[in-house]
Amino acid sequence: MEKINDQELNEEMEQLSRPSSCQHAGWMPPGADDYDDEERVFGYDLDEHFLIPSRLSDKCTALVEAVNDFHFAMLNDTQRNNFYRKALERTVKPGDVVLEIGTGSGLLAMLAATAGAEHVYTIEANRHLAALARKIIQANGLQEKITVINKMSTNVHVGGDIPRHADILVSEILGTLLLGESALQFVADARHRLLKPNAAIIPCGGRQFISLVSSSELRQITSVQQWEGFDLHEFNALQDTVSLVFSKQYGFRFSSLAHELLLRKQTVCEVDFTRDGPGALGKHVIIPIVAEKDGVVDAILTFWEAYGDNEHSLVMSTEPEATRDNFARDMQWGQALQLIEDASVDATEPVPLHVHAGEQLNLVVRFSEDSAVMQFELKRAAS
């Protein structure tokens with residue numbers, strides 16, 4: 001896998017460390033104070049006579065939608081919360097200063113404080129969430145140990161917003177894709193400017209995985225052939241085999257979908273948050289894989305693992321089997337699917353890709369500039 005060299009990484013970090021009113025050009029947290037849709041308050045698109053509670057009337061639409069889309073599920077993911085509790089209890093030492101990116105409700109900051117941190121500085125980009133976090137922190141009696149900073153983390157500075165470089169960084173800026181919330185950029189910037197050398201980082205790393213999926217049920221909602229003698233297959237010309245779609249967007253939990261895995265689990269990238277930075281994954285990688293079963297590859301399924309310690313003894317996963325009994329996790333992260341066609345055939349509609357057990361294939365993985373988005377292509381290996 002192509003990696004950028006140290007000089008290139010240092011140049012990127014120098015750019016990130018220069019003061020700016022808005023230094024991060026990639027993914028922005030929904031509802032951040034400088035988010036493009038900030039001026040669109042919740043309910044702007046409703047008729048005037050529709051009721052909007054006053055508690056929501058001054059909040060931006062992006063914030064309210066994000067909180068109701070995944071924050072409540074996230075906060076009720078007991079296994080997630082325990083992952084962070086255990087990682088912090090193992091890592092925090094007396095006298096440590098902890099920095100958090102993305103406080104939300106303030107839960108992780110409170111876990112860090114109760115784990116024994118001398119002080120926690122927690123960053124929140126939305127002023128309404130920052131105010132709520134302060135109220136929650138005070139309600140739990142931890143206001144003397146936690147300071148909430150209402151900024152983007154890329155605009156926070158040592159000596160101004162925090163008194164010294166932090167000993168520990170904790171964050172939960174993971175998406176349905178491991179790096180879907182630009183964690184590489186935010187963590188690398190904090191590591192370069194806001195942390196002590198060799199500071200502990202939670203999570204310290206992770207792996208992105210894929211599976212090859214065959215599913216007649218998935219075909220029922222993503223393609224069409226005929227209905228009672230009417231030939232409809234030309235409609236498949238509009239099938240999207242380009243985009244990754246979250247299982248939640250399809251309206252199902254993947255574990256509830258009848259399917260067969262033609263390849264169970266393949267790593268497509270590994271990330272070390274203590275070392276890697278923007279561009280570390282390169283633009284693309286080609287991974288040789290082998291089909292484990294016969295069948296039609298309908299889609300590529302993505303899921304990930306994040307690690308709470310260097311030994312990988314603390315693991316948080318979105319693999320379907322790991323989330324089968326965790327409804328909240330599937331509703332906040334779930335998995336993602338990209339439909340697959342036989343790209344070697346140039347046709348007016350997608351041609352199914354049939355594979356055989358033992359067949360050698362090449363998986364092409366393309367990464368966006370900030371590594372937050374990926375795209376897949378499946379090719380037969382050259383004979």
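Where in the structure is P203 found? P203 sits in the loop between β5 (195–202) and β6 (205–214), and the views below take in this spot and a few others. This is a predicted model, in which local features need pLDDT of at least 70, side-chain atom pairs count only at pLDDT 80 or more, and totals for chains, interfaces and linings use all residues. Residues are numbered from 1 along each chain as its sequence is written, and side-chain values use heavy atoms, with hydrogens and water left out.

**View 1. A cis peptide bond at P203.** The bond running from I202 to P203 is cis, with omega near -5°. Strands here are DSSP runs of E with at least two residues, helices are runs of H or I with at least four, and both are numbered from the N terminus.

View 2. N198 counts as exposed, at 82% relative accessibility (exposed means over 50% relative accessible area, buried under 20%, partly exposed in between, with a 1.4 Å probe and protein chains only). E228, another non-glycine residue, has a positive phi near 45°. Look for E228 in the loop between β7 (226–227) and β8 (230–231); E228 is exposed too, at 61%.

**View 3. R329 and its partners.** Setting aside neighbours within four places in sequence, the residues in contact with R329 (heavy atoms within 4.5 Å) include D77, Q79, R80 and M316.

**View 4. T154 in its loop.** T154 is in the loop between β3 (146–149) and β4 (166–171). T154 is buried, at 1% relative accessibility. From T154 to S182 is 28 residues in sequence and 12 Å in space, C-alpha to C-alpha.
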